[in-house]
Amino acid sequence: MSKYLIAGAFAAALFKVFVPQDILFHFESNPFLSIGVMMLLAILLSVCSEADSFVAASFWSFSQPAQLAFVSIGPMVDLKLIGAYGATFRKRAALTLIVVPIVIIYTLSAVIASIVG
Amino acid sequence: VKNMHRTGPLLEGFVLVALGLSMIALIISGNYWLYLNPKFEWVTAGAACMLILIGFLAALWSENRVNRSGAAILIAFLCYTIWGNTQVLQPSPLKPKPLPVEMPEEEARTVLNGSEYIRINTVELFGICEEEPHKTGERYTVRGIVLRTPQLDSAGQFVVARLAVFCCLADAVVVGFRVRDDGAAQEFQNGQWVQVYGKLEEAPSPTPLPELPYVSDAGEWHDQHAQTPESPPSELPFKGAVAAAIHPRYIIAPDKVSITEEPELPFMFEFRGAEPYAF
């Protein structure tokens, strides 16, 4: 499993160093798109769950549902975990562990965004 | 031929032992805190011992079959660890130094001009703003480095911030507060360590938060916001931060801002929920 973990951590490091994060701010005005973008960021950054609330706080101009989606998905699905799931479980179980949290968190965050506005 | 067949397991075992030894060396070198929160030293030491043990067992007992791709990734990881260590240390303004054996327990409060101030770090103060707003009326004192931008200068503010390392440098976050500038900030340069005494107040709205550097552009940001050529600025010890969280709703109204020495450990590693705060 170690090679998947190392490869996942390496990919996360590459993203963090070479992808300018300020491009994310182009999506902040659309509440539904911003939820997806923040979830994607959480998956790619693979930040420790102790720190992700402060990382979310740094995206202060994003809506609160988008920040909530960021801190919710990070501990369940990220690049390192995807590698570990793939190495540990059968393909179907691994896919379920990845897709189900994404769908549930996006849906709930979108519902909250549509209520809160 | 038999000896040649042992080359694979020996190499695999050597790599595991070398990885374990490099982790032990990191702990002994005193550079550990540049990468990880020191509270995890015992975890690293335990993992290193396991790697060394497994490495010896693999070299002595494993069958001739070798997982070539796994071994290749481990070798690459070992090389990257050694190379990364030199790269992180070379351009860094931080001077590697051993952790103090025992940090002295400091007073929870300090007195200035007859008023008592709670010593606290920026992460702990952030927590009070979010979770215990009834405590925002107290007087606090925080340490951090000064961040100034033209945008902040024109708003009559500067930022005092420190790097918080919750687990490792990969998830380190700059955490800070805006400070109402009563003209004092003109004396301070970017990157200068200060201690701010004051009270929290609601930030004037709407005041945009400053754009602060992320990991890849910290040096460039610093160059852009450097002070006058005749006063070369100190460097920002923020290389490696994944994000910068400046509290959006509260601002510090200072009673005093004084220049202070860089703390023995410039990063924040410990966060407490009550007095005495880690400061």
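Axes are lines fitted to C-alpha atoms, for helices over the stretch in contact, and angles between N-to-C directions run from 0 to 180 degrees.

## Basis of the model

This is a predicted model, in which local features need pLDDT of at least 70 and side-chain atom pairs count only at pLDDT 80 or more, while totals for chains, interfaces and linings use all residues. Residues are numbered from 1 along each chain as its sequence is written, chains are lettered from A and ligands numbered from 1 in the order in which they are written, and side-chain values use heavy atoms, leaving out hydrogens and water.

## Helices H2 and H3 of chain B

Helix H2 (residues 7–29) and helix H3 (residues 41–61) of chain B have axes that come within 7 Å and cross at roughly 160°; helices are DSSP runs (H or I, at least four residues), and strands are E runs of at least two. H2(B) and H3(B) are therefore roughly antiparallel (angle over 145 degrees).

The residues in contact (heavy atoms within 4.5 Å) include B:Leu16 and B:Ile24 of H2(B), and B:Ala48 and B:Leu51 of H3(B). By class, this contact of H2(B) with H3(B) has 18 nonpolar, 4 polar and 1 charged residues.

## Helix H5 of chain B

Among the buried residues of H5(B) are B:Leu125, B:Phe126 and B:Ile128. The partners against which the buried residues pack include helix H3 (52–58) of chain A and strand S3 (139–147) of chain B.

Conventions
Buried < 20%, exposed > 50% of the residue type's maximum accessible area, 1.4 Å probe, protein only. Parallel < 35°, antiparallel > 145°, perpendicular 65-115°, else oblique. Nonpolar A, V, L, I, M, F, W, Y, C, P; charged D, E, K, R; others polar.
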